[in-house]
Amino acid sequence: MVLIEVVNPCKPDTLFCHYCTNPVNERQIVMAMSRQKIIIDTDPGVDDALAIHMAFADPRLDVVGLTTVFGNVHTHQATRNARHLVEMAGLAVPVAHGAERPYQQAQRDPAHFIHGAEGFGDLPAPNPQLPVDPRSAAQFICDMADEHGEDLLLCPIGPLTNLAHALDLDADLPNKIGGVVLMGGAVTVPGNVNAFAEANIHNDPHAAEMVFAAGWDVRVIGLDVTQQILCTSQHLEEIALGAPGIGGFLRDVSAFYVRFYQDSRAFDGCCLHDPAALIAITDPDWFSYDSAPVTVIVEGEEAGGTQIVDDPDRPKVRFAVACDTQKIRDHFITTLKNTDLRFSER
Ligand code: BDR
Ligand code: CA
């Protein structure tokens, strides 16, 4: 992110000075920065909802679209939920409907027991009016890559099926965009579906294998770090207090998800899996990475496992191995506490 040009409101012929006493609000400053363009590919989903509202509320990000996929819910539910999130934020971000089944393997059941029957915990199905973009998710990704080129990052926080289909549509995609920052995988730690696999990769290992082998700049934000980034019920209450509208919705949506953590891990809160991938984009210094070729096991009982391989012909990916959990969580809370304020500024 670069400060490109800010006109000094005191002396219009000079650039803005940080010591200038003339009131310049944050919006004016951010308007003068280059905001990172991203597409969030998502299966909302509770932690997806947390991540998406956080991204909408972060002035450093320009969300050019949401593309949807199965995983936590069926794809038609993901598309409906994504449209609801856009609508409630008062935005007009396009939502493109994505793949309804995995690239090759049989479809697994959605994770309703973690994210609720409709994907928003105990809440009933929303009924958004925002139209669906006429393009498929894969086509939308390719079109945005042509329009924005290296300025665009893909941020998948669900199974990687849409990215695999986009690679089929345009084999040159990896050379066009800035890269991929994804939530998924468990490179150096056990999985969360079973000992081998993390849920997003487990839901479509063949697609993940294509993405990991495609040769673009991939950053993997896996369970290696996301399981350490925790938010408590108290933090969610704090967010709801600061932003009763969107924050209150996120607190309510999360109650079911938190119950899953209470029952399965005796923890009164949840992991910030999907928000972590967005924060890796806005605040890269809070993460550190190892770099190696990583393959995805596509068959057998270890299917969905992500493994480092010693293969000089395979492109390397960067996978996060450590992060500043405190800064990440504080940023998450602060950004969402202010989300109603951002909404009122739109
Ligand atoms: C990932 O799986 C989904 O349940 C979450 O939304 C997250 O993307 C964590 O393994
Ligand atoms: Ca997700």
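A residue is called buried if 20 or more other C-beta atoms lie within 10 Å of its own, exposed if 12 or fewer do, and partly exposed in between, with C-beta atoms placed from the backbone. By that rule Ala-266 is exposed, because it has 7 C-beta neighbours inside 10 Å.

Good morning, colleagues. What I present is a predicted model, in which local features need pLDDT of at least 70 and side-chain atom pairs count only at pLDDT 80 or more, while totals for chains, interfaces and linings use all residues. Residues are numbered from 1 along each chain as its sequence is written, and chains are lettered from A and ligands numbered from 1 in the order in which they are written.

Let me stay with Ala-266 for a moment. Ala-266 sits in the loop between α12 (246–265) and β8 (269–271); helices (H or I, at least four residues) and strands (E, at least two) are DSSP runs, numbered from the N terminus. Its phi is positive, about 55°, although Ala-266 is not a glycine. Most residues other than glycine have a negative phi, and most peptide bonds are trans. A cis peptide bond is found here between Pro-44 and Gly-45, with omega about -5°. Gly-45 belongs to the loop between β1 (36–42) and α2.

Gly-45 also brings us to the ligand. Around ligand 1 there are 15 residues, of which Gly-45, Asp-47, Ala-199, His-273 and Asp-274 come nearest; a residue counts as near if its C-beta atom, placed from the backbone, lies within 6 Å of the molecule or strand in question. Two or more residues of this shell are given by each of α2 (46–57), α8 (199–203) and α13 (273–282). The shell divides by class into 5 nonpolar, 6 polar and 4 charged residues. Here Ala, Val, Leu, Ile, Met, Phe, Trp, Tyr, Cys and Pro count as nonpolar, Asp, Glu, Lys and Arg as charged, and the others, Gly among them, as polar.

How many of the residues of α13 are buried? The number is 9 of 10, and the helix is mostly covered. Among the buried residues are His-273 and Asp-274.

I turn now to helix packing. Two packed helices are described by the angle between their axes and the distance between the axes. Axes are lines fitted to C-alpha atoms, for helices over the stretch in contact, and angles run from 0 to 180 degrees between N-to-C directions. The axes of α13 and α14 come within 11 Å and cross at roughly 100°. These two helices are therefore roughly perpendicular, given that angles under 35 degrees count as roughly parallel, over 145 as roughly antiparallel, 65 to 115 as roughly perpendicular and the rest as oblique. Pro-275, Ala-276 and Ile-279 of α13 meet Ile-328, His-331 and Phe-332 of α14, where contact requires C-beta atoms, placed from the backbone, within 7 Å. This contact has 5 nonpolar residues, 1 polar and no charged.

Helix α14 (residues 325–337) also packs with α11 (residues 233–242), at an angle of about 25° and with axes 8 Å apart. The pair α11 and α14 is therefore roughly parallel. On the α11 side the residues are His-235, Glu-238, Ile-239 and Gly-242, and they meet Ile-333, Leu-336 and Lys-337 in α14. By class, this contact holds 3 nonpolar, 2 polar and 2 charged residues.

Finally, Pro-174 is located in helix α7 (residues 173–176). Pro-174 counts as partly exposed because it has 18 C-beta neighbours inside 10 Å. Thank you for your attention.

How values were computed:
Contact = placed C-beta atoms within 7 Å.
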